[in-house]
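Dear colleague,

Please find below the structure that I am handing over to you. My notes on it follow.

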Amino acid sequence: MNLRALVVTSALAGTTLFFGCGKNNLGGGYDGDGGPPTDGGSGDKCTASTDCAPGLTCNTSNGKCEDTPCTTNNDCDRGSYCTPGGVCQGNDTGGTCAGDQNCKDGETCIGGFCGCDGDQFTAQGVPPNVLIVLDRSGSMGDPVTSGGPSKWSIATSALTTLLGNYGDKVNWGLVLYEGGSKCAPGTVLVDTGAMTSGAINTALSNNNPGGRTPIGDTLDGLVGYSGLANTTRENYILLLTDGSETCNGDGETAVTTLINQTPSVKTFVVGFGGGVDATSLNNMAQNGGTALAGGPPYYYQADNAASLATAFDNIGSTVLSCTYDLSGNPGADDLFVYFDSVDVTRDPTHMSGWDYDPANNQVTFYGADCDELKAGTVTDLVIVGGCPIVVN
């Protein structure tokens, strides 16, 4: 998504249309006869363009205010914009603009529209933490189909693609299980963090299948893990296995403990190949808070390279953040949000729309509005503090 997010908080006193908007001050024109000043309208006498209303220019050859021709808003100034007819015309609150020069006095160009003058802040998306927990048991060295590449080769290739697609949007980490000895729980090879794709790909290339499948004990060892303990963002585990528990652990209970801890950690479950314990994986997906609609199966079942890649991509798009950090603190009661110039309603019930968390100074989107952000259908995200934008 290429989102341009602006957050503006009002710095001025209130007026009629906006909280915090300044009033337009056009000044008076010149009548050329020493009489009362005119309004600087078309045909009024002038000695300079400052004697004319916004959108008009003083023609010094005849001393009259005349229309200013234009192609874009950049051709207009002094509180005017370019009309479809190709002339500059006086602007108003909510009018289009290319810069502050197109807005009337006391207003600023905010996301392409004239609005309140104020301080500008940025809104930065908050990447979720996702820890990849990958089965490297001996059976991962077997092919999915006779004569084909190994499950390990397919899985690591699919993970490389996943990291390439979402590496800058998610804080990834990596665990391989089993660990260094028989039935040893998996160990964290790469802690969750920003821009870890290279480190994860290196770790994958430096390891090979071998050992048993301690799913339960590996997940138990991640309870309270610091890399999934950030309360300001979502925290997830992405578990892949090609088999069933072989070390007497209890993965179903472990994912329940993880989702019930603070902060909560949800677990995505991917079964690869025909040797999985479908009953256990269904229960883990349900207990872990990621059960697929319409199941069973409630987990992601992949039987070849294409279906595994699809599963990973679905998970990648699902975990994308709908939370944004604000660089300033505009206050919850003065926030207004727009998707491509359309007002988005605040919804404290979190069924749709957005809500503001003053403790973390974050705006989070929910429901269909969150889905729009994840799908990349929103071009301009504008968050305004202090006053609404009147969008034409």
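In which loop is the place of Glu-178? Glu-178 sits in the loop between β10 (171-177) and β11 (187-193).

The model is a predicted one, in which local features need pLDDT of at least 70 and side-chain atom pairs count only at pLDDT 80 or more, while totals for chains, interfaces and linings use all residues. Residues are numbered from 1 along each chain as its sequence is written, and side-chain values use heavy atoms, with hydrogens and water left out.

Overall picture

The protein chain has 7 helices and 20 strands. Helices (H or I, at least four residues) and strands (E, at least two) are DSSP runs, numbered from the N terminus. Of its 392 residues, 47% count as buried. Here buried means under 20% relative accessible area, exposed means over 50%, and partly exposed lies in between (1.4 Å probe, protein chains only). Among contacts in the chain with a separation of 6 or more, 63% come from residues 24 or more positions apart; contact means heavy atoms within 4.5 Å.

Most residues other than glycine have a negative phi, and most peptide bonds are trans.

The bond that joins Tyr-177 and Glu-178 is a cis peptide bond, with omega about 10°. A cis peptide bond also runs from Gly-295 to Pro-296, where omega is near 5°. Pro-296 has its place in the loop between α5 (278-287) and β14 (300-302).

Arg-78, which is not a glycine, has a positive phi near 50°. This residue lies in the loop between β3 (64-67) and β4 (80-82), and Arg-78 counts as partly exposed because its relative accessibility is 31%. His-350 likewise has a positive phi, of about 65°, although it is not a glycine. The loop that holds His-350 is the one between β17 (342-344) and β18 (354-357). With a relative accessible area of 35%, His-350 is partly exposed.

Helix α6 and its partner α1

Helix α1 (residues 151-166) packs with helix α6 (residues 305-319) at an angle of about 30°, their axes being 9 Å apart. Axes are lines fitted to C-alpha atoms, for helices over the stretch in contact, and angles run from 0 to 180 degrees between N-to-C directions. From α1, the contact involves Ile-154, Ala-155, Ala-158, Leu-159, Leu-162, Asn-165 and Tyr-166; from α6, it involves Ala-305, Leu-308, Phe-312, Asp-313, Gly-316 and Ser-317.

The 15 residues of α6 should span 21 Å at 1.5 Å a residue, and the end C-alpha atoms of α6 are 21 Å apart, which agrees. The expected span is 1.5 Å times one less than the number of residues in the helix. Leu-308, Ala-311, Phe-312, Ile-315, Gly-316 and Val-319 are the buried residues of α6. Seen down the axis of α6, these buried residues fall within an arc of 135°, so they line one face of the helix. The arc is that of the directions from the helix axis to the C-beta atoms. The buried residues of α6 pack against several elements, including α1, β9 (129-135) and α7 (367-375).

Asp-369, Cys-370 and Leu-373 are buried in α7. They cover an arc of only 100° around the axis, which puts them on the same side of α7. On the face turned away from that buried side, α7 carries the exposed residues Ala-368 and Ala-375. The buried residues of α7 pack against β15 (323-326), β16, β17 and β19 (362-365). After α7 comes Gly-376, whose phi is positive, near 80°.

Val-337 lies in strand β16 (residues 335-339) and counts as buried because its relative accessibility is 0%. Leaving out residues up to four places away in sequence, Val-337 touches Val-342, Asp-343, Val-344, Trp-354, Phe-365, Leu-381, Val-382 and Ile-383. The C-alpha atoms of Val-337 and Val-384 are separated by 6.2 Å, although the two residues are 47 residues apart along the chain.

Ser-197 lies in helix α2 (residues 197-205) and, at 18% relative accessibility, also counts as buried. Its contacts, apart from neighbours within four places in sequence, are with Leu-163 and Gly-167.

With kind regards
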